[in-house]
Amino acid sequence: MVRLITHNLLACHAKGCTSNNFPLQFQNVQIELKEAEFNPTFLETFMPKLEWKALVDSAKEASATISRYILGNTSLPLEQPEMLDEEFLKNLHHVLLEIHVEEGIMICPNCKHNYPISNGIPNMLLAEHEIG
Ligand SMILES: [Zn+2]
């Protein structure tokens with residue numbers, strides 16, 4: 001399944017595509033929200049591994065496709081805060097773990113390769129001539 005925590009780790013791997021190949025851009029996405037168990041310790045541990053700017057941008061892209069009322073709060077600060085209060089951690093939890101991209105396309109910002117998402121499963125396979 002494609003949650004933003006997964007998306008944050010995905011870069012294009014087409015042949016010769018080695019720079020500006022992250023983050024993949026969402027297009028025509030359909031989103032489902034699924035409640036996940038709130039685990040602040042996990043979030044605090046995982047935060048240093050996140051590409052923060054990519055996450056903030058992707059949350060914006062995802063929330064642009066569906067009304068904010070349904071999606072909940074996806075607004076994250078542009079910089080990771082030093083003080084992690086409960087409100088911030090709950091927003092982060094929602095953005096990372098509860099937004100599921102079920103259908104759509106992820107596009108490489110560099111080579112424009114399209115990675116389709118179908119039934120929540122990303123197809124990261126490349127055609128023969130795209131494999132490095
Ligand atoms: Zn690429």
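Which residue is the bridge partner of Ile117 in strand 5? In this predicted model, that partner is Pro122.

Let's start with the strands around that pair. Strand 4 covers residues 114-118, and two bridges tie it to strand 5, residues 121-122, with the two running antiparallel. On its other pairing, strand 4 meets strand 3 (residues 99-107), again antiparallel, this time over four bridges. Here Pro116 of strand 4 is the bridge partner of Ile105.

| Hairpin | Residues between strands | Turn residue with positive phi |
|---|---|---|
| Strand 3 and strand 4 | six residues | Lys112, about 70° |
| Strand 4 and strand 5 | two residues | Asn119, about 50° |

Strand 4 is also two-faced. Tyr115 and Ile117 sit on the covered face, while Asn114, Pro116 and Ser118 make up the uncovered one.

Now for the metal. The zinc ion takes its protein donors from the SG atoms of Cys12, Cys17, Cys108 and Cys111, which lie 2.2 to 2.3 Å away. Along the chain these donors are spaced as C-x4-C-x90-C-x2-C. Cys12 and Cys17 are both buried.

What about the geometry? The four donor atoms subtend angles of 102 to 114° around the zinc ion, so the arrangement is tetrahedral. For reference, the ideal angle for four tetrahedral donors is 109.5 degrees.

Definitions and conventions
Residues are numbered from 1 along each chain as its sequence is written. This is a predicted model: local features need pLDDT of at least 70, side-chain atom pairs count only at pLDDT 80 or more; totals for chains, interfaces and linings use all residues. Side-chain values use heavy atoms; hydrogens and water are left out. Donors are N, O and S atoms within 2.8 Å of the metal (3.2 Å for Na, K and Ca); water is not among the atoms, so sites may look incomplete. Four donors count as tetrahedral if all angles lie between 85 and 135 degrees; four count as square planar and six as octahedral if opposite donors are over 155 degrees apart and all others between 65 and 115; anything else is irregular. Buried means under 20% relative accessible area, exposed over 50%, partly exposed in between (1.4 Å probe, protein chains only). Two strands pair if DSSP finds at least two bridges between them.
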